[in-house]
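Hello,

Here is the structure I promised to pass on to you. Please open it alongside this email, and then read on for what turned up.

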Amino acid sequence: MRMEGLRIAVLGGRTGLLGQALSKAFDNAGALAFPLSRRDCDVLDPMSVEQWMDRNDPDLLINATGYTQVDLAEDESEMAFALNGSVPPLLATLAARRAIPFVHYSTDFVFNGRKNTPYTEYDEPSATSVYGISKADGERGLLKLGYKRTLIIRISWLFGPGRTNFVKKILGLADAHKKLTVVNDQIGSPSYTPDIAANTIRLLEKDATGVFHLANSGATSWHGLANTAVSLANKDCTVSPVPTSAYPTKAFRPPYSVLDLSKFIRTTGLAPRPWEEALEQYVRGDLGLGA
Ligand SMILES: NC(=O)c1ccc[n+]([C@@H]2O[C@H](COP(=O)([O-])OP(=O)(O)OC[C@H]3O[C@@H](n4cnc5c(N)ncnc54)[C@H](OP(=O)(O)O)[C@@H]3O)[C@@H](O)[C@H]2O)c1
């Protein structure tokens with residue numbers, strides 16, 4: 001499908017980290033994005049989404065909403081399961097009624113992290129946190145519904161403009177402290193939200209459906225990501241590696257959740273750029289830091 005002239009509803013598009021990048025990318029591709037907040041329509045009330053769709057007649061429905069607070073989800077499992085588990089198939093049903101494509105985002109946290117080679121779309125979800133289990137529940141609901149024009153994109157470790165994120169937090173801490181410690185025994189694939197948005201468009205242009213993994217190329221630890229960001233920003237701060245046991249968290253996080261991108265590359269003929277290059281664009285370009 002071509003993007004020019006399409007009317008695209010982006011749930012989570014007004015305030016969400018990914019949603020904002022998607023809205024911008026669709027507009028840049030010649031579509032008309034409608035960035036929606038929960039005030040425009042609350043996804044927990046699918047009737048409000050349906051009424052919005054009746055009024056605005058979108059050609060594509062994108063779900064960039066979610067319950068994204070990984071530790072808090074352990075205490076608020078009802079809300080996490082409602083937003084991440086129940087909502088996606090309800091939204092896909094609304095898209096199916098109009099016969100328009102539906103795009104949903106899931107996470108590397110659907111995996112338990114016990115592998116030591118990149119996770120493919122054929123690996124079974126095996127989540128170990130409420131957040132991960134609720135996201136896997138949403139995926140399962142969508143697959144069970146079986147609406148053919150559904151695209152589920154698993155992404156990981158987001159950073160980008162528009163909302164706070166791990167990289168932004170680290171750079172703020174580096175202003176206030178000369179030394180930081182960050183865990184180096186969780187390995188994943190950092191993802192720059194404008195790249196995820198642009199590559200979502202590449203998949204839509206190929207009429208891709210089903211499950212896809214998407215991130216920037218390469219892998220690192222949270223320490224590697226933090227250290228590179230602090231160096232790029234020329235901050236006077238030393239970032240030292242520590243084990244996860246130094247920072248106990250309520251939710252268990254997968255020690256290894258690198259996503260295999262070969263299905264994306266085969267489908268689009270394009271390889272996402274390395275995370276280091278994308279991080280440089282974020283730190284030096286978007287945030288205007290460093291040399
Ligand atoms: N962040 C990551 O590292 C990461 C990694 C893997 C996968 N993902 C997935 O990617 C997707 C987007 O993540 P993100 O980090 O961009 O999320 P985010 O910044 O937390 O944004 C979530 C969006 O959902 C909206 N929302 C929440 N409840 C809503 C409701 N009831 N009705 C309407 N809108 C509602 C929020 O609006 P308010 O601002 O009003 O709350 C916000 O705009 C999620 O599905 C997430 O699971 C994220």
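Predicted model: local features only at pLDDT ≥ 70, side-chain atom pairs only at ≥ 80, totals over all residues.

How many nonpolar, polar and charged residues does the lining of the largest cavity have, by class? The lining has 5 nonpolar, 2 polar and no charged residues. Here Ala, Val, Leu, Ile, Met, Phe, Trp, Tyr, Cys and Pro count as nonpolar, Asp, Glu, Lys and Arg as charged, and the others, Gly among them, as polar.

Residues are numbered from 1 along each chain as its sequence is written, and side-chain values use heavy atoms, with hydrogens and water left out.

Now to two helices. The axes (lines fitted to C-alpha atoms, for helices over the stretch in contact, with angles from 0 to 180 degrees between N-to-C directions) of helix α3 (residues 77-98) and helix α4 (residues 130-145) come within 8 Å and cross at roughly 20 degrees. Helices are DSSP runs of H or I with at least four residues, numbered from the N terminus. α3 and α4 are therefore roughly parallel to each other, a label for angles under 35 degrees. Among the α3 residues that meet α4 are Phe-81 and Pro-88, with contact meaning heavy atoms within 4.5 Å. By class, this contact of α3 with α4 has 10 nonpolar, 7 polar and 2 charged residues.

Best wishes

Technical notes:
Helix = DSSP H or I, 4+ residues; strand = E, 2+ residues; numbered from the N terminus. Parallel < 35°, antiparallel > 145°, perpendicular 65-115°, else oblique.
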